[in-house]
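These notebook entries set down what I looked up in one structure. I take the topics in turn, beginning with a single question.

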Amino acid sequence: MSTDWLNMTAAALGRDIGAGKIDPVALTEAYLAAIAAHPQGDRIYARVTPDRALAEATAARDRAAAGLRRGPLDGVPISWKDLFDTAGVATEAGSNLLAGRVPARDALVLRNATMAGLICLGKTHMSELAFSGIGLNPVMGTPPCINDADAVPGGSSSGAAASVAFGLAACGIGSDTGGSVRIPAAWNDLVGLKTTAGRVSCDGVVPLAARFDTVGPLCRSVEDAALMLAALEGGRAADLAGATLTGTRLMVLETAAMEDLRGAPGAGFDSAVERLQAAGALVERRGVPEVAEALELSALLFTTEAYATWKDTIEAAPDKMFDQILERFRSGAAFSGVDYVAGWQKLDRLRAAYLDRTAGYDAVIVPTCPILPPNVARLMEDHDYYVTENLMTLRNTRIGNLMGLAAMTLPTGLPSTGIMFMGAPNSEERLLRLCAAAERALA
């Protein structure tokens, strides 16, 4: 029975806990045992928190017995990317620069989740300081990809995705600055939600580029994503009942996002679009020139803020960093303050124009990533390959961050390929309903 639990959605586990079919302590013990026994468990989890998990599970069991469950996920065990502060437990953001960093209190989202009854299994590995979409971390550990043992898992929420894909957590909580939830979700055949910047608190979350940083779940279903968003915020989950694609207007974004697609991502996307249309969605293809202009601002806006945030820490001990990540941070020094401010002023104008052009659609859709997971060995040996693959990996997801959107990736059914739905800022509930209907069409 316990092995079946490891492959269930978080929502299904919560329902069975509420029905008295699953004991939260037994469930947590099953996950802890699976983590300990997994041959790559230490490549997925940076550290496990068994004492905390079992104490929280015991409390969840007592609440369930008394009919006092705090919500639909009370008693469900999940993982946390190693940039969410955990009181008394090291939070190192995948970097030796932060080795031994032990926060005094939990991040606000972790406190909210704990109040909702969720159980903290531990902290998952990630790209160093969250500054890579491919998920390669030779310093602290590179988690495996569910579909290719020789490939990277996607980043920067690499361990978060692996923890769910390999049955070592019911859900993983990650962060997304340029695609760091959606890339590992897509490459590991999961659902990933990028929230609107500023909607979910980043208090107690190690920053990368604060104006773009967001928090979101990587999980097995859209229902799980809706429930997790509510738990992270301390709010109510979106009502997914009755969601339909009939009459829904979707726009395939042809600017930039459809260029240089490799075979499998393109095939997965095309197949998904056909199934959405068969389920009643109206699909149109349009260009939005402002997207190309915004993408040209990426290096300026992301690297300048990232390097400004971490310059002093990095330059105090640059030898502690993976050289590719170090190089990417230092590239932010090339831009002036004048460039940066002007870049943001331009991006604000581009965002307004994008929203005007897409206002008549329920969502904009693109392939989540134009490439499949790259090979680990080649990434380590070939600098040019590392640079091109990293930039290609994040190209499509970064559109959502640059335009300030809510975005969600769903599996297409073809391994390691996803279809991304992008909605207006703070439209998560509407987007979740649309994706719930899309999920059924794509199943």
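This is a predicted model: local features need pLDDT of at least 70, side-chain atom pairs count only at pLDDT 80 or more; totals for chains, interfaces and linings use all residues.

Entry 1: cysteines. A disulfide is a covalent bond between the sulfur atoms of two cysteines. The cut-off I applied is a pair of sulfur atoms within 2.5 Å. By this rule I count 0 disulfides. Cys171, accordingly, is in no disulfide, and the nearest cysteine sulfur to its own is that of Cys219. I then checked accessibility: Cys171 counts as buried, at 0% relative accessibility, and Cys219 counts as buried, also with a value of 0%.

Entry 2: strand E10. I looked up residues 406-411, which form strand E10; 5 of its 6 residues are buried, so the strand is largely enclosed by the rest of the structure. Which strands pair with E10? Strand E5 (residues 191-194) pairs with E10 in the antiparallel sense, over 3 bridges. In that pairing, Gly192 stands opposite Thr409 of E10. Strand E11 (residues 418-423) also runs antiparallel to E10, and 6 bridges join the two. Here I found Met408 with Phe421 of E11 as its bridge partner. E10 and E11 form a hairpin with 6 residues between them, and Gly413 in the turn has a positive phi of about 105°.

Entry 3: Ser221. I located Ser221 in the loop between strand E6 (215-219) and helix H9 (222-233). Is Ser221 buried or exposed? Its relative accessibility is 8%, so I record Ser221 as buried. Setting aside neighbours within four places in sequence, I found Ser221 in contact with Thr9, Val191 and Glu439.

Entry 4: backbone geometry. Most residues other than glycine have a negative phi, and most peptide bonds are trans. I therefore listed the exceptions that follow. Gly155 and Ser156 are joined by a cis peptide bond, with omega about 5°. Ser156 is in the loop between strand E3 (119-124) and helix H7 (158-165). Ala93 has a positive phi, near 50°; this residue sits in the loop between strand E2 (77-81) and helix H6 (108-115). At 1% relative accessibility, Ala93 is buried. Asp189 has a positive phi too, near 60°, and lies in the loop between helix H8 (182-187) and E5. Asp189 is partly exposed, at 30% relative accessibility.

Entry 5: empty space. Rolling a probe the size of a water molecule over the atoms shows where empty space is left. I looked up the largest pocket, which holds about 450 Å³ of space. It is lined by 23 residues, and Thr303, Arg328, Asn390, Leu391 and Arg398 are the closest to its centre. Helices H12 (298-316), H13 (323-330) and H16 (383-402) each supply at least two residues of this lining. H16 gives the largest share, 7 residues. I sorted the pocket lining into 9 nonpolar, 11 polar and 3 charged residues.

How many cavities of 30 Å³ or more are there? The count comes to 1. The largest cavity has a volume of about 70 Å³. Among the residues that line this cavity are Leu83, Ala130, Cys202, Pro207 and Asp213. The cavity lining divides into 8 nonpolar, 3 polar and 1 charged.

Terms used:
Residues are numbered from 1 along each chain as its sequence is written. Side-chain values use heavy atoms; hydrogens and water are left out. On a 1 Å grid over the protein atoms alone, a cavity is a set of points where a 1.4 Å probe fits but cannot get out, and a pocket is an open set with protein on both sides within 12 Å along at least five of seven lines; lining residues have an atom within 4 Å of a point. Grid points are joined across faces, edges and corners, and a volume is the space filled by probe spheres set on the points. Helices (H or I, at least four residues) and strands (E, at least two) are DSSP runs, numbered from the N terminus. Ala, Val, Leu, Ile, Met, Phe, Trp, Tyr, Cys and Pro count as nonpolar, Asp, Glu, Lys and Arg as charged, and the others, Gly among them, as polar. Buried means under 20% relative accessible area, exposed over 50%, partly exposed in between (1.4 Å probe, protein chains only). Two strands pair if DSSP finds at least two bridges between them. Contact means heavy atoms within 4.5 Å.
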